[in-house]
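Subject: Structure handover

Hello,

Here is the structure you are taking over. My notes come after it.

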Amino acid sequence: MSEPSSWVLKHAGYIPEGSDILDLACGAGRHARLFLMSGHYVTAVDKNIDALDDLENYPGAEIIQADLENGSPFPLSERKFGGIIVTNYLFRPLLPLLPALLTPSGVLIYETFMIGNEKFGRPKNPDFLLKPQELLDNYHPHLRVQNYEEVTITEPNPAVVQRICAVNSK
């Protein structure tokens with residue numbers, strides 16, 4: 001199991017204590033586990049949930065298998081979360097949905113690859129690479145941005161990423 005993202009760790013404190021967390025496109029669940037261990041109720045969503053078997057009966061864990069890209073309605077559109085975590089995933093039709101899923105004072109922590117990453121490896125397809133300032137452009141009108149970066153990282157692997165931490169000030 002890989003370690004939680006340093007960006008998520010750095011900004012996790014913005015999420016209100018005891019809030020419900022959505023780990024969207026959670027993969028193997030590194031962030032779901034982090035927040036479960038911190039006492040949060042976590043909804044972990046991914047197309048493939050095989051790596052989450054150990055969390056199935058864990059108190060506070062809700063595992064949802066969903067293909068977020070097949071055109072079906074978003075499965076959680078009626079829910080609210082104090083924190084939404086998205087890392088290493090981009091499906092642009094979901095970007096505008098996320099602010100409405102946040103409770104007042106809820107926090108979005110998003111980190112994924114951007115243009116320029118192709119020199120380091122996958123993803124190389126522009127459909128999966130953010131354009132410059134794309135997260136900022138999407139979320140600044142709806143949320144209060146606490147921190148934003150476009151940066152080349154070296155750990156855990158070299159990559160060009162864009163990341164944002166933003167709070168619902170409504």
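The notes below go from the whole chain to two of its elements.

This is a predicted model, in which local features need pLDDT of at least 70, side-chain atom pairs count only at pLDDT 80 or more, and totals for chains, interfaces and linings use all residues. Residues are numbered from 1 along each chain as its sequence is written, and side-chain values use heavy atoms, with hydrogens and water left out.

Whole chain

The chain has three helices and seven strands, taken as DSSP runs numbered from the N terminus (helices are H or I, at least four residues; strands are E, at least two). Their order along the sequence is α-β-α-β-β-β-β-α-β-β. The radius of gyration is 15 Å, close to the 15 Å from the globule rule for 170 residues, so the chain is as compact as a globular protein of that length. That radius is taken over C-alpha atoms, and the rule is 2.2 Å times the number of residues to the power 0.38. The C-alpha trace spans about 40 × 35 × 35 Å along its principal axes.

Of the 170 residues, 48% are buried (under 20% relative accessible area, with exposed over 50% and partly exposed in between; 1.4 Å probe, protein chains only). Contacts are heavy atoms within 4.5 Å; among those between residues at least 6 apart in sequence, 53% join residues at least 24 apart.

Helix 2

Helix 2 (residues 30-37) has six of its eight residues buried, so it is largely enclosed by the rest of the structure. The buried ones are Arg-30, His-31, Ala-32, Arg-33, Phe-35 and Leu-36. Their cover includes helix 1 (6-11) along with strand 1 (20-24), strand 2 (41-46), strand 3 (61-65) and strand 4 (81-87).

Strand 5

Strand 5 (residues 102-113) is likewise largely enclosed by the rest of the structure, because nine of its 12 residues are buried. Strand 5 pairs with strand 4 in the parallel sense over six bridges; two strands count as paired if DSSP finds at least two bridges between them. In this pairing, Gly-83 has Val-107 of strand 5 as its bridge partner. Strand 5 also runs antiparallel to strand 7 (residues 159-167), with seven bridges joining them. There, Val-107 stands opposite Val-167 of strand 7.

Regards
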